[in-house]
Amino acid sequence: MRKWLIAGNWKMNLTANSARALIADLRKDLDRDAAVLARDRDIMIAPPAVIIPAAAQALAGSSIALGAQNMHFEDKGAFTGEISAPMLSQFGVSHVILGHSERRHIFGEGDDLINRKVLSALKNRLSPILCVGETEQERDRGNTLSVVLGQLERGLAAVNDQSERVTVAYEPVWAIGTGRNATPEQAQEVHGAIREALRDLFGHQAADTLRILYGGSVTPENVDSLVSKPDIDGALVGGASLKAESFARIVRARRA
Ligand code: PGA
């Protein structure tokens, strides 16, 4: 069985102080059940880069993993304002979200750039969470699968023997931050197609172990029905990850 991953993407929110408080509240809620939860799910939070050191301290001794929201593909060099995989690793970061739709649409990141980041993450022993997803217009035109699978194949180009460390997050752009989540059926249709494409890319065994998360307006109210679908292996949570109570409830997702 695949272990779920429930991941929080804090985006550009909180400060070191409010992050410490949120982590303390989360731990108060989740630490007592850590062993039970860890049987079938992993938990991760991705704070803004500058808060990672404070978050790492606040997470010491917890089983909640630490992620980053982005990184550059080079290890070092003249790239003003950027942060590299080795810098993240130093603080115990294990995961990095790459190709989020906000990076694609607001900051103009394309598949080739995202692919270089994926390869750099793997080279540096980080686990990339590759985000893919169609816009509302692309869905209305019937292009959902071609858009999503295109992003998937280009984003994972040249990933070979390290594919087991990859996570995919399907995040329909029209569902992000809108309160309008994909229905479990809509999500499962795309997740199933992603699983098929992963089979072609990496073989049956790898495709059966890779996690495919759903993201886009996940809440305590809708998470159970989403993770009840066979190819939905957890959630990437934005807004609802900023409150300890709602994120802890999402972490406790159960099959409906
Ligand atoms: P949301 O964001 O949960 O606020 O819709 C999800 C994401 O962007 O990862």
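Housekeeping. This is a predicted model, in which local features need pLDDT of at least 70 and side-chain atom pairs count only at pLDDT 80 or more, while totals for chains, interfaces and linings use all residues. Residues are numbered from 1 along each chain as its sequence is written, and side-chain values use heavy atoms, with hydrogens and water left out.

Now the shell by class.

Next, the ligand oxygens. K11 puts a polar side-chain atom 2.7 Å from a ligand oxygen. For E171, a polar side-chain atom is also 2.7 Å from an oxygen of the ligand. G238 uses the backbone: a polar atom there is 2.8 Å from a ligand oxygen. How much of the ligand does the protein cover? It covers 95% of the 280 Å² of accessible area that the ligand has on its own (Shrake-Rupley method, 1.4 Å probe).

Last, D231. It is found in the loop between α11 (223-227) and β8 (234-237); helices (H or I, at least four residues) and strands (E, at least two) are DSSP runs, numbered from the N terminus. Buried or exposed? D231 is buried, because its relative accessible area is 15%, and buried means under 20% with a 1.4 Å probe, protein chains only.

Notes. Polar contact = N/O pair within 3.5 Å; in protein donor to acceptor, adjacent residues only side chain to side chain. Buried < 20%, exposed > 50% of the residue type's maximum accessible area, 1.4 Å probe, protein only.
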